[in-house]
Amino acid sequence: MIRAGRLQYVQTMSDLADALGKKLVTVRNQKPYAAEGHPAPISSPSARNQLWDSEQTKAYYAGQPIPELPQADDDEDLLDRHEAAELLGIAPVTWNTYKKDPDLAAGVVLVPAGPKGTEHWPRRQVLAYKNNRPGRGAGGGRREGSGDMIPRDEILPRIAELLDTDPAVTVETVSDTLGITKFPTAQSGLATLRGRRIADLVEEQPDLDLKEAALQLGYPAITHRAAIAFAERELRARGARPYLQHTADVLAAAGIAQQAQVEMRQLDGGAVAAAVLLDTDQSAAAAVWDSRYGWRTSTSRRHPIGKDTDTAPEGEGIRYLGNGLRPDPEELLAALRDGRKGSKRPKAGMEHSGSED
């Protein structure tokens, strides 16, 4: 974890390479950080991106005594996903669902800052979520003919807990335990979570195919089709997210958009979309990216992506911007600033093109 007040000393592997005057690939191959006596990473052992405290590594390479880091827990400590999950007593894959809660999403800190940074959360925020989190089993089952008996934003986290306990948990068990409808709530929730976890495993083990990942996670064969379909869309969304976050950051830095983490939405047919809310003094409410059509403007702040249809949205206030599915952010910025640029519908060859893969 990053101890309170020490964010400024966080050192990535790239930073370490720069400090040593070596190329990043050289440091990765030589692994000087694995030498006996080298300061331990401050990131959790399971973290994908290792982090160090620069004051400690600087002292080590200078042959000086390595300063001790604070040992007492502080409310302002920054926790990565593994540490946050441990604090809540859940699996890291379950935290992937919990972190979407607005109270947690509002306080996420990227280390280092930028679209490639690793997500961290203040300890106080995770503890507050833990203390306000409903207990297991609340709802007491679903009365026949009733609707879902727990708030919508609690459904996936609660299903995730059941899936942690039993990868083969059934729709019926989820429905009866949580007091939610079997179809579509429990069925959709299980497929969503299994799909995300399949995607997580494939990212960690690229040699696995999606079916092998599903088997390794212990999911029954009858659930594979829906979960794998979701995993395919999830991986497509994750592949697009770095570009979209970078574009959103460029628009925010230019002063025309709100700074925010880009959230992806999966659409029917395998497409994905995301929206960047623009400042209120802009002519459009939002810029929307769709993996079928590229960028367009939207007139709605509440529902910028709009309805999921097979046809490209058209109408007053909608302009399709940029060349291709992933135009340079500066090109998009120029088009948003110039109301004369853009077209009323996607350019030829883009509409109905499916995904960008």
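In the predicted model, a polar atom of the Ser-43 side chain lies 3.0 Å from the backbone nitrogen of Leu-51. Ser-43 belongs to the loop that connects H2 and S2, and its relative accessibility of 11% places it among the buried residues, because the cut-off for burial is under 20%. When residues up to four places away in sequence are set aside, the contacts of Ser-43 comprise Met-1, Asn-49, Gln-50, Leu-51, Asp-80 and Glu-83.

Two of these contacts, Asn-49 and Gln-50, also take part in the second largest pocket, where they lie nearest the centre together with Thr-12, Met-13 and Arg-28. This pocket has a volume of about 330 Å³ and a lining of 16 residues, to which helix H1 (13-20) and helix H2 (24-30) are the elements that each contribute two or more. Classified by type, the lining consists of 7 polar, 6 nonpolar and 3 charged residues.

Helix H3, which spans residues 54-61, has Gln-56, Thr-57 and Ala-59 as its buried residues. These residues lie on the same side of H3, because the arc they cover around the axis is only 160°. The packing partners of the buried residues of H3 are strand S1 (10-12), H1 and strand S2 (51-53).

Key
Residues are numbered from 1 along each chain as its sequence is written. This is a predicted model: local features need pLDDT of at least 70, side-chain atom pairs count only at pLDDT 80 or more; totals for chains, interfaces and linings use all residues. Side-chain values use heavy atoms; hydrogens and water are left out. On a 1 Å grid over the protein atoms alone, a cavity is a set of points where a 1.4 Å probe fits but cannot get out, and a pocket is an open set with protein on both sides within 12 Å along at least five of seven lines; lining residues have an atom within 4 Å of a point. Grid points are joined across faces, edges and corners, and a volume is the space filled by probe spheres set on the points. Helices (H or I, at least four residues) and strands (E, at least two) are DSSP runs, numbered from the N terminus. Ala, Val, Leu, Ile, Met, Phe, Trp, Tyr, Cys and Pro count as nonpolar, Asp, Glu, Lys and Arg as charged, and the others, Gly among them, as polar. Buried means under 20% relative accessible area, exposed over 50%, partly exposed in between (1.4 Å probe, protein chains only). The arc is that of the directions from the helix axis to the C-beta atoms. Contact means heavy atoms within 4.5 Å. A polar contact is a pair of N or O atoms within 3.5 Å; within protein, one must be able to donate a hydrogen and the other to accept it, and residues adjacent in sequence count only if both atoms are side-chain atoms.
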